[in-house]
Amino acid sequence: MDAEESLVRRAQDGDRASFEELLRRTSRLIYARLYLETDRPDRAEDLLQDTYLVAWRSVGQLADPRTFRPWMMAIAQNVAIDAARRESRKKRAAIAAIVEAKGRVTKSDLKKHDAGQFGAVINCEVASEASGPLQDRLKQLGKVSRLDIARQQTADGQGLPVELQVKRRESCFAISLYNLANVQPRETVNLTLAVADPETTYKALLARVEKAGGRVVSSQLNREQADQSTASIHFETRAADAEAVEADVKLLGERVKFAVTENPDTQNVTQSKRGFKVQILSMAHVLPRHTATIQLGAPDVPAAYRALQEAATKANARVINATLNERNRQSVTALLDVELRTGEDETAFRTAMSAAGAIIAQTVERAAQTQNVIETKVRLQITLIDAKQIPPRETTTLRIETDQVIEVSSQISALISEVKGVMVQQDLAHEANGRMRGYFVFDVPLAAAPSVVQKLRAAGTVRSQQSSRNPQVPDSDLATARLDLTISNAELIVPPGEGFGAQIRSGLQTSFKAISVSLIMVVVGLCVVLPWGLVLWGGWKLIARLRRKAPPAAAT
């Protein structure tokens with residue numbers, strides 16, 4: 001309860017936010033009390049708004065902040081009593097007008113009406129000559145929402161002379177009295193606004209309605225996240241003040257939707273007031289009319305990413321998503337999704353984007369008219385990729401013949417460094433037939449490609465040249481040209497190893513090989529065949545000698 005007393009004291013000092021917090025704490029209690037009095041939810045809501053208005057005007061007169069709740073209950077009771085008295089006074093004034101016209105009241109009833117909370121029904125009869133003045137007198141009691149006059153003529157005594165005077169009978173009146181708050185306006189303005197701070201706009205709109213003496217039918221403020229609050233206000237104001245109120249409401253934010261609906265002409269419609277149904281949305285709830293998806297190539301992706309983040313902050317942009325992916329150092333990527341105002345903010349951000357890199361691809365999508373969209377906001381979905389990942393805009397295949405392959409290879413490396421190119425592949429080979437081949441693949445800036453090709457052509461004899469362009473790659477500052485270069489020397493008439501001296505060397509080599517084989521055979525014969533031959537010969541001689549010495553066999 002101490003906190004509530006503190007809120008009451010701040011409200012007495014003019015703090016509207018504290019008073020609104022008090023109303024949120026006590027609204028259900030007061031509404032229940034008024035509902036018991038009226039037995040109508042809509043009537044109770046109307047009286048609740050009247051209670052709030054009276055309480056705000058007189059909260060400074062509350063002596064004891066601890067009695068705030070009973071004090072509010074007393075104000076609600078008085079508001080309900082005053083509303084019933086106003087209905088009774090209207091009825092009594094109408095009956096008085098009928099009496100002055102010397103009429104006769106046939107029916108008089110004060111009750112709750114279907115179209116509103118309270119209503120009075122009076123049926124009467126007055127003399128025909130008094131019907132006109134009575135109509136004027138009744139019109140002074142309030143606004144006429146509907147007036148129907150039906151005349152009935154009967155002819156009695158058919159066949160009588162025309163000179164007979166027509167008899168005028170009494171005029172009958174069927175009068176229905178309503179509280180003006182219960183009568184629907186003829187026109188209702190439906191307006192949707194997009195604002196930066198819905199809560200501030202909500203309070204400003206309530207203050208404008210109070211200043212115009214209007215009636216708040218319903219109001220609601222939804223506090224979600226800091227940038228995603230919403231609010232709605234349904235109010236009514238006098239027709240004379242409607243144009244000025246409408247102009248001020250439109251200035252509170254950017255108009256998303258606007259429509260004026262006209263109710264059918266029924267008994268419960270009046271042109272003396274105009275209704276307003278205003279929906280307040282945060283900028284985060286409203287879609288931009290255009291969304292651009294951009295692929296941006298940058299020499300240094302992390303540096304470009306940080307530069308765009310700083311530019312978004314300076315442009316007061318709303319960052320939806322920001323991601324830097326450095327898992328693969330050879331292919332760093334980043335994503336930045338922002339919403340910002342068109343005009344100077346968008347121009348400044350696009351200038352920073354041009355300085356950070358070059359646009360490779362861009363698509364623009366337009367939102368449908370049926371959605372909550374605004375023209376003054378644009379969404380940019382930017383994907384940053386390394387400039388090295390951009391395909392070459394132009395590819396040239398070149399084959400050059402020169403006697404100085406090694407010297408030209410060195411010149412190519414120096415030329416690439418001069419134009420700030422990148423070597424992709426490099427091979428230098430010496431073939432067995434004496435030919436030398438160099439194969440080079442390198443990327444150079446597109447603007448420097450013609451001069452590089454011209455210098456390469458001057459290094460030897462051009463045997464072939466082909467060029468092609470990739471139309472999918474835009475012509476930007478980061479566009480490159482790829483050169484596929486093959487250099488080799490001329491083919492020899494007598495290749496190395498096939499001349500006269502080579503043939504002599506080949507013959508001598510063959511002779512030396514034959515002598516070496518013969519020598520090997522001699523060594524093998526002396527070391528292997530001769531010893532075994534001597535052994536076999538010695539063995540044969542020994543066997544032969546033994547056979548000669550043997551005695552002859554005795555005769556029998």
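## Packing of H1 against H2

In this predicted model, helix H1 (residues 2-12) packs against helix H2 (residues 16-38) at an angle of about 135 degrees, and the two axes lie 8 Å apart. Angles over 145 degrees would count as roughly antiparallel and those from 65 to 115 as roughly perpendicular, and H1 and H2 are therefore oblique to each other. Their crossing is left-handed. On the H1 side the contact is made by Ala 3, Glu 4, Leu 7, Val 8, Arg 10 and Ala 11, which meet Ser 18, Phe 19, Glu 21, Leu 22 and Arg 25 of H2. Sorted by class, the residues of this contact are 6 nonpolar, 1 polar and 4 charged.

The buried residues of H1 include Glu 4, Leu 7, Val 8 and Ala 11, and Glu 5 is buried as well. These residues lie on the same side of H1, because the arc that they cover around the axis is only 160 degrees. After H1 comes Gly 14, which has a positive phi, near 100 degrees.

## Packing of H2 against H6

H2 also packs with helix H6 (residues 198-211), the axes coming within 12 Å of each other and crossing at roughly 90 degrees. That angle makes H2 roughly perpendicular to H6. From H2, the residues Arg 16, Ala 17 and Glu 20 take part in the contact, and they meet Lys 203, Leu 206, Ala 207 and Glu 210 of H6. In this contact of H2 with H6 there are 3 nonpolar and 4 charged residues, with no polar ones.

An α-helix has 3.6 residues a turn, so residues three or four places apart point the same way. In helix H5 (residues 131-139), the buried residues are Ser 131, Leu 134 and Leu 138. They lie on the same side of H5, because they cover an arc of only 60 degrees around the axis.

Helix H11 (residues 449-457) has Ala 449, Val 452, Val 453 and Leu 456 as buried residues. Seen down the axis of H11, these fall within an arc of 100 degrees, so they line one face of the helix. Pro 450 and Gln 454, by contrast, are exposed on the other side of H11. The elements that cover the buried residues of H11 include strand S14 (394-401), helix H10 (405-418), strand S16 (436-445), strand S17 (461-469) and strand S18 (480-488).

Val 378 belongs to strand S13 (residues 373-386), and its relative accessibility of 6% lies under the 20% cut-off, so Val 378 counts as buried. Leaving aside residues up to four places away in sequence, Val 378 touches Pro 288, His 290, Val 338, Glu 339, Leu 340, Thr 342 and Glu 346. One of these partners, Glu 339, is 39 residues away from Val 378 in sequence, whereas their C-alpha atoms are 5.7 Å apart in space.

Another partner of Val 378, Glu 346, lies in helix H9 (residues 344-356). Glu 346 also counts as buried, because its relative accessibility is 17%, under the 20% cut-off. With residues up to four places away in sequence again left out, Glu 346 touches Leu 340 and Arg 341 as well as Val 378.

## Exposed loop residues

Gln 369 is found in the loop between strand S12 (358-366) and S13. Gln 369 is exposed, because its relative accessible area of 60% is over the 50% cut-off. Although Gln 369 and Arg 289 are 80 residues apart in sequence, the distance between their C-alpha atoms is 8.6 Å.

Asn 316 is found in the loop between helix H8 (301-314) and strand S10 (318-325), and it is exposed, with a relative accessible area of 65%. Lys 420 lies in the loop between H10 and strand S15 (422-430), and it too is exposed, with a relative accessible area of 71%.

## The protein as a whole

The protein has 12 helices and 18 strands, and 35% of its 556 residues count as buried. Among contacts between residues at least 6 apart in sequence, 77% join residues that are at least 24 apart.

Definitions and conventions: Residues are numbered from 1 along each chain as its sequence is written. This is a predicted model: local features need pLDDT of at least 70, side-chain atom pairs count only at pLDDT 80 or more; totals for chains, interfaces and linings use all residues. Side-chain values use heavy atoms; hydrogens and water are left out. Helices (H or I, at least four residues) and strands (E, at least two) are DSSP runs, numbered from the N terminus. Buried means under 20% relative accessible area, exposed over 50%, partly exposed in between (1.4 Å probe, protein chains only). Contact means heavy atoms within 4.5 Å. Axes are lines fitted to C-alpha atoms, for helices over the stretch in contact, and angles run from 0 to 180 degrees between N-to-C directions. Angles under 35 degrees count as roughly parallel, over 145 as roughly antiparallel, 65 to 115 as roughly perpendicular and the rest as oblique. A crossing is left-handed if the near helix is turned anticlockwise from the far one by less than a right angle, and right-handed if clockwise. Ala, Val, Leu, Ile, Met, Phe, Trp, Tyr, Cys and Pro count as nonpolar, Asp, Glu, Lys and Arg as charged, and the others, Gly among them, as polar. The arc is that of the directions from the helix axis to the C-beta atoms.
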